[in-house]
Amino acid sequence: MKFNLLFVLVHFFSCSQSYVKSYTDLESAFTDWYFKFHPVKSTQYGLDAYNSSFQRLNNNSRDEYMADIQRFLIELSQIDETKLPPIQNVNYNVLTKFLALQVFLLQSERKYEWDVSLYPKMIYDGIVGLVDLDYLSMNARTDALQGRLEQSITVLDDAYENLKFYSEFHQHEALKIMDA
């Protein structure tokens, strides 16, 4: 009898730990994925791997981004959040809400189709973010800036491909950003 009780307790504890491990692995994979698709943000957080690039908003990149979000949502749905410790449970809920928001932004809001200020703001934030870095040497900053300037044409290509219409307000905002 004691052996059976001990076996049940060990099994329960190991199952509980597997949920935690599954979630932490998923959270780590999400963080890596997020910074890959948001290079300007990764630069702000001190990750240098993507200093020379911008987020792509062309059709293929958006489709890949959406497919990745759907995969993360499927993986999250397979984890029983009630068995996670409080901190991971909060992180689970934040991640779930964030992914749902990304689905809404891509499928419903579609800012990339009408906000003409989005593209110059991406370029501006990417360049200013590199200029303001303290931890990179001047040579590393110059190389990253050169890479971002070379990649800025892809942002403008994405704008040309995506913009269907725009408002006067967003056009005015874009001009203010370009004048800055």
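**View A. Leu-84 in its loop.** Leu-84 sits in the loop that joins α3 and α4; helices here are DSSP runs of H or I with at least four residues, while strands are runs of E with at least two, and both are numbered from the N terminus. The model is predicted, so local features need pLDDT of at least 70 and side-chain atom pairs count only at pLDDT 80 or more, while totals for chains, interfaces and linings use all residues. Residues are numbered from 1 along each chain as its sequence is written, and side-chain values use heavy atoms, with hydrogens and water left out. Leu-84 has 7% relative accessibility and counts as buried. Buried means under 20% relative accessible area, exposed means over 50%, and partly exposed is in between, using a 1.4 Å probe and protein chains only. Leaving aside neighbours within four places in sequence, Leu-84 is in contact with Tyr-19, Val-20, Tyr-23, Ile-79, Asn-89 and Tyr-92; contact means heavy atoms within 4.5 Å. Between Leu-84 and Gln-151 there are 67 residues of separation in sequence and 42 Å in space, C-alpha to C-alpha.

**View B. Helix α6 and its buried face.** The 14 residues of α6 should span 20 Å at 1.5 Å a residue, and the end C-alpha atoms are 20 Å apart, which agrees. The expected span is 1.5 Å times one less than the number of residues in the helix. Which residues of α6 are buried? They are Tyr-119, Pro-120, Met-122, Ile-123, Gly-126 and Leu-130. Seen down the axis of α6, these buried residues fall within an arc of 160°, so they line one face of the helix. The arc is that of the directions from the helix axis to the C-beta atoms. The buried residues of α6 pack against α2, α5, α7 and α8.

View C. Helix α8 covers residues 168-179, which is 12 residues, and reaches 17 Å from its first C-alpha to its last, close to the expected 16 Å. His-170, Ala-174 and Ile-177 are the buried residues of α8. Down the helix axis they fall within an arc of 60°, so they line one face of α8. These buried residues pack against α5 (111-114) and α6 (118-131). On the face turned away from the buried side, α8 carries the exposed residues Glu-168, Phe-169 and Asp-179.

**View D. The largest pocket.** The largest pocket has a volume of about 760 Å³. Of the 27 residues that line this pocket, the closest to its centre are His-38, Gln-55, Leu-57, Leu-118 and Met-122. Two or more lining residues come from each of α1 (2-37), α2 (39-44), α3 (59-77), α4 (86-109), α5 and α6. Which helix gives the largest share of the lining? It is α4, with five residues. By class, the lining has 13 nonpolar, six polar and eight charged residues. Ala, Val, Leu, Ile, Met, Phe, Trp, Tyr, Cys and Pro count as nonpolar, Asp, Glu, Lys and Arg as charged, and the others, Gly among them, as polar. On a 1 Å grid over the protein atoms alone, a pocket is an open set of points with protein on both sides within 12 Å along at least five of seven lines, whereas a cavity is a set of points where a 1.4 Å probe fits but cannot get out; lining residues have an atom within 4 Å of a point. Grid points are joined across faces, edges and corners, and the volume is the space filled by probe spheres set on the points.

**View E. The second largest pocket and Arg-56.** The second largest pocket has a volume of about 170 Å³. Its lining includes Lys-36, Phe-37, Tyr-50, Arg-56 and Gln-151. At least two lining residues are supplied by each of α1 and α3. The lining divides into four nonpolar, four polar and three charged residues. Arg-56 lies in the loop between α2 and α3 and is partly exposed, with a relative accessible area of 30%. Not counting residues up to four places away in sequence, Arg-56 touches Ser-61, Thr-154 and Asp-158.

**View F. Ser-42 in helix α2.** Ser-42 is found in helix α2. Is Ser-42 buried or exposed? Its relative accessibility is 0%, and Ser-42 counts as buried. Apart from neighbours within four places in sequence, Ser-42 is in contact with Phe-35, Leu-47 and Tyr-50.
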